[in-house]
Amino acid sequence: MIRTTLRKLLTIALPATLAAGLLAVLLIEVWVRLAWDDSRGRPGFFLSDPVRGQRLAASYDGWFAGVPAHTNSLGFRDTREYPLAKSAGTFRILVLGDSVTFGHGALYETSYPFLLEQRLREWRPDVKWEVWNLGIPGYNTAQELAYLKEVGGSYAPDLVIVGFFLNDFSGFDPKPNPGVIDRTASAVLRTMQRYVYSTELYKRIYLTLRFRLTESKENQQRLQHLESEDALLGRAGAADASEQKLGGFERVSDEDVRAFECRGAGPRGNSDVAAAIRGRSPEFTPWFDAVEGFRALQHAGKYRIAFFINMAPDICGGQDRFFDSGTGEDNVALLEFLGRDTPAASSWGEFLYYRPSQMPAAAAHSLGNSNLVKAKALFEFLRDRVLPPLLPAAIAQ
């Protein structure tokens, strides 16, 4: 009797259940595809990565933060394709970073790596400049280090610029040696993210159930993150076209910057970031280690490294000026630490010469003229301090 029942379960009930489940999955996939808004582009902007947590899909066309998002076949934001082998006279720069470098809400042509390339071409048209924007939204310095270790050998950069933003102190901790199970699971998820339109639906259902069963804050944050990410990948919420424009802004003089005082501003606040950096706070240990990892690559002669700090001063209310409310000390501490044995620059001081009303989102996901100012600060730093000893040898090769 038991054998007969078991045989029926294995030969009839189980196959029938599996077939019903497969049919349900197929029907859900068909339903999601029929309801899919083609203006959003294809799914799978972010793909699972066993080491870095996630990466960008190659050859992607869609939207991110309200603007068109396109990646080339190498998987970074660019409308152009590149051979890995450099032609004669080429100088290749990789710009690592997070959403600020990627250009959250910014058109590709107004991201600061692209604008940097234009400045370099104007300066030295005899050089074939390639500035590759390797910024990935959500990355921290440790993930950027893992990214460079993965692609640096094949990309063969003449210079690597590591963009820094204040949220880079924390985030995902890369797994340098993922096991077979991790790699297999990541590969399966990556395939689903790219080709199965209903993947995000299943993920949302799973996280919702986990939150309702556990009511944990962590699961709630994961669900909120998924909702925020889904909103970013939609077409709605595009930035104002006026914020994307370049030019038409005023630059004040050195004397004006020195003489300016923000009326009504209180005393400068204490700098917690500066104190944490100078005191080597244990809280920032993963970030310190990542920076040292970049330095180790330079000391070993593998890459030329430079750091670029994406920061802007606070805004003086009612006077349309930037001023130092205390973040200047953070900027100095960052330059001191990042500048040890590796060149480091910042956009913080350059923004003091401009009016916030003409610099959209300068201190966050910069747009338009804000990226133009960043490109200017970075270009002048490279032109004066970094590139002179590097150019002759690179061009000769």
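**Helix packing and salt bridges**

Modeller: Helix 4 and helix 11 are roughly parallel to each other. The model is a predicted one.

Colleague: Why are helix 4 and helix 11 called roughly parallel?

Modeller: Their axes make an angle of about 30°. Angles under 35 degrees count as roughly parallel, and helix 4 and helix 11 are therefore given that description. The stretches concerned are residues 141–155 for helix 4 and residues 285–299 for helix 11, and the axes lie 8 Å apart.

Colleague: Is the crossing of helix 4 and helix 11 left-handed or right-handed?

Modeller: The crossing is left-handed. On the helix 4 side, the contact is made by T141, A142, E144, L145, L148 and K149; on the helix 11 side, by W287, A290, V291, G293, F294 and L297.

Colleague: What is the make-up by class of the contact of helix 4 with helix 11?

Modeller: Eight residues are nonpolar, two are polar and two are charged.

Colleague: Turning to charged pairs, how many salt bridges does the structure hold?

Modeller: There are 18 salt bridges.

Colleague: What makes the pair of R52 and D49 a salt bridge?

Modeller: Their side chains come to 3.7 Å, N to O. The cut-off for a salt bridge is within 4 Å, so the pair qualifies.

Colleague: How do you know whether R52 and D49 are buried or exposed?

Modeller: Buried means under 20% relative accessible area. R52 has 2% relative accessibility, so R52 counts as buried. D49 has 7% and therefore counts as buried.

Colleague: Which residues are joined with D49 and R52 into one network?

Modeller: R55 and E150 join D49 and R52, through salt bridges that share partners.

Colleague: What does the salt bridge of E350 with K376 tie together?

Modeller: The closest N and O atoms of E350 and K376 are 3.1 Å apart. E350 lies in helix 13 (residues 348–351) and K376 in helix 14 (residues 369–386), so the pair ties together parts that are 26 residues apart in sequence.

Colleague: How are E380 and K376 placed in helix 14?

Modeller: E380 and K376 are four residues apart in helix 14, which means a separation of about one helical turn. E380 forms a salt bridge with K376, with the closest N and O atoms 2.9 Å apart.

Terms used:
Residues are numbered from 1 along each chain as its sequence is written. This is a predicted model: local features need pLDDT of at least 70, side-chain atom pairs count only at pLDDT 80 or more; totals for chains, interfaces and linings use all residues. Side-chain values use heavy atoms; hydrogens and water are left out. Axes are lines fitted to C-alpha atoms, for helices over the stretch in contact, and angles run from 0 to 180 degrees between N-to-C directions. Helices (H or I, at least four residues) and strands (E, at least two) are DSSP runs, numbered from the N terminus. Angles under 35 degrees count as roughly parallel, over 145 as roughly antiparallel, 65 to 115 as roughly perpendicular and the rest as oblique. A crossing is left-handed if the near helix is turned anticlockwise from the far one by less than a right angle, and right-handed if clockwise. Contact means heavy atoms within 4.5 Å. Ala, Val, Leu, Ile, Met, Phe, Trp, Tyr, Cys and Pro count as nonpolar, Asp, Glu, Lys and Arg as charged, and the others, Gly among them, as polar. Buried means under 20% relative accessible area, exposed over 50%, partly exposed in between (1.4 Å probe, protein chains only).
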